[in-house]
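Hello,

Here is the structure I promised to pass on. Please have a look at it first, and my notes follow below.

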Amino acid sequence: MGHANRNKLVFTVKDKCRVCYTCVRECPVKTIKIINGQAEVLSERCIGCGNCVNVCSQKAKVYFDSKQLVTHMLTNEKKVIAVLAPSFPADFTDIKDYKVLIGMIKHLGFYKVMDVAFGADLVASKYKEIIEPNNGKSYISSDCPAIVFYIEHFHPELVSNLAPIASPMVAIARVARKKYGNDIKVVFIGPCVAKKAESNEIDEALTFSELKELFVNAGIDDKSVIPSEFDPPLSGKGAIFPVSRGLLQTVNKTDDIIGGEVIVASGKNNFKEAIKEFENNEIANSHLELLCCNGCIMGPGMSEKNKLFFKRSQISKYVNTKLQNLDRIQWEKDLNEFSKINLKQTFSNLDRRLEIPDTIEIENALLKLGKVKPSDHLNCGACGYDTCIEHAIAVIHGSAEDEMCLPYSIEKLHNSINDLNLSNEKLASARQALKQSEKLAHMGQLSAGIAHELNNPLGVITMYSNLVMEELKKDDPLLKDLELIVEQSARCKKIVGGLLNFARKNQVRINEAHILDFAKRSLESVVIPENIKANIVSDLLDPFVMIDTDQMMQVFTNLEKNAIEAMPDGGELIIKISGNENFFEVQFSDTGYGISEENMEKLFTPFFTTKESGKGTGLGLPLVYGIIKMHNGKIDVKSNNDIQKGKTGTTFILTIPRIN
Ligand code: ADP
Ligand code: MG
């Protein structure tokens, strides 16, 4: 047994798979691997039942397409014989006379069209022989290839129980070769996908769906052909074979008559259950007739997927008419003649069972899925597996993913939502900071441009004013005006200098400083009115820090000046130094009038000042900001300007890493 196409009997059209796990759920041997959220058929263990093809609503599961190969065969081979499965009346329901269908098949170029039901007639008598009572051995029918694959792969110890009899398809192929010689090709036409891989005595197998497509492609319909009878030998009761229990009726026995002797099970759940019980000797001395589908008429190669009972009635109708017109004498003659051919079949142990992991491994896999205690095992089946343990085992085998577990995924989703919310918040504050620094960068460029342009004319004004002043007599009334010009020009120069300071993209020149001494020196360089107390406190263990002392001095003095200017009626300025081995922190706290909430945002914008003109330039804090950034540090402000909310005052906090 085995066929070249076997390797790729059923496969996934990746684009179409929407990962609903229905195919996993419906696969009787769980040979569908979910990888990266896509269902892939592991052909090694696939039994070709085609269940996944039937159940996939997205048409993402397809079976091997034999149309081209058959078309090729028909053009290149002289004698291609079609052997037609007796389930066809269930799918070609609008063709009232089966002879029309045979005519259509011949029109495609087939040399002969033979009846698989005659093969069923032949093997039925062989079955009868082996299931006679007192034979001593129990058999499992071997006419359904998916069942045969299932036993060979998953219950190899039962291979010897498979009825050693050819399937009706193989039987008719042997009849054909006996009649027409060995240089023929045989194409099976039926409802089955597994048949494509059943036997190399068949050259190709078409499904009814494929046959219909071939008709459409060739423009053949039921009106355009000459009706034709099957090529002999003609069948008898074998035609009832495709509905479940069909074989038994063919054998002329039903399970009613012979008691527990033959057990019929069809469909993906029942056949497995029956095999399990058979294996456990719970149904001793019984024979099993098993069909993977709910009768061949529900096979995946049918173009119409439903209507089980309608299909059954179509088969009955067909068989009845057939039997009425049966030439019994000829039939028995044919049976006699062809039962002499070899109808034996052998099967092999093709064990493809996977090792069952040990308990600890399974427990660990379950743990990863969040299943700690028995009540966590919901066994909800959402993943496609019946139980959480089966799912865990599949995960260990590498054919399933954790994400298939619905409760697990929901939990994960919840966590992701939380994470997302968190990072959203972070993003918002980062965006705010970015906006601020972008704004400052633009301002910087603009300021630099303006400052640069103003510098030269200012120099000229100062120089010429001084020149003119020197030439004037001491009592010249213009002298005072010129002095004013020089003074105001100097002020302009100071502003321009501040602008350049803010805008410059200087490197920092880092040197070591004792931060406490440094703070003391900074206080000495600002004028502190008498009504203001200034103090420095420090609990920093290692006071030596790396800073650009020139620039940092500007930071300190600017913050101190601001604090002093915020306390026109006196108060207290405290400089508090703290930190650890990674960073140091300097807080400048005053008891001044504080900063209003609306002004908080504008603090670091160049030219923002609340001080009267002539006093404030609004360039102090932008400068501070720039220098702190160059030290990879940050600057925070806390302030209260509302007396209702307690003492007013402002604290600027510098946090600067020790390693820049
Ligand atoms: P300037 O001091 O020239 O006004 P700054 O950039 O140094 O410019 O400060 C901008 C504004 O920030 C000040 O005008 C003031 O309104 C506010 N400000 C800064 N520091 C303080 C403080 N310690 N207390 C209250 N307001 C402050
Ligand atoms: Mg200032």
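Contact here means heavy atoms within 4.5 Å, and helices (H or I, at least four residues) and strands (E, at least two) are DSSP runs numbered from the N terminus. This is a predicted model, in which local features need pLDDT of at least 70, side-chain atom pairs count only at pLDDT 80 or more, and totals for chains, interfaces and linings use all residues. Residues are numbered from 1 along each chain as its sequence is written, chains are lettered from A and ligands numbered from 1 in the order in which they are written, and side-chain values use heavy atoms, with hydrogens and water left out.

Let's start with helix H8 (residues 208–218). Its buried residues (under 20% relative accessible area, 1.4 Å probe, protein chains only) are Phe-208, Ser-209, Glu-210, Leu-211, Leu-214 and Phe-215. Their cover includes strands E4 (61–63), E5 (80–84), E7 (185–190) and E8 (204–207), along with helices H3 (67–76) and H4 (98–107). After H8 comes Gly-219, with a positive phi near 70°.

Next, a helix pair. H5 (residues 116–131) and H7 (residues 168–180) pack at about 105°, their axes 7 Å apart, so the two are roughly perpendicular (65 to 115 degrees). Axes are lines fitted to C-alpha atoms over the stretch in contact, and angles run from 0 to 180 degrees between N-to-C directions. Among the residues that meet are Phe-118 and Leu-122 in H5 and Met-169 and Ile-172 in H7.

Finally, Gln-345 sits in the loop between H12 (328–338) and H13 (359–368). Gln-345 is buried, at 14% relative accessible area. Leaving aside residues up to four places away in sequence, Gln-345 touches Pro-164, Ile-165, Ala-166, Val-170 and Arg-174.

Best wishes

Technical notes
Parallel < 35°, antiparallel > 145°, perpendicular 65-115°, else oblique. Buried < 20%, exposed > 50% of the residue type's maximum accessible area, 1.4 Å probe, protein only.
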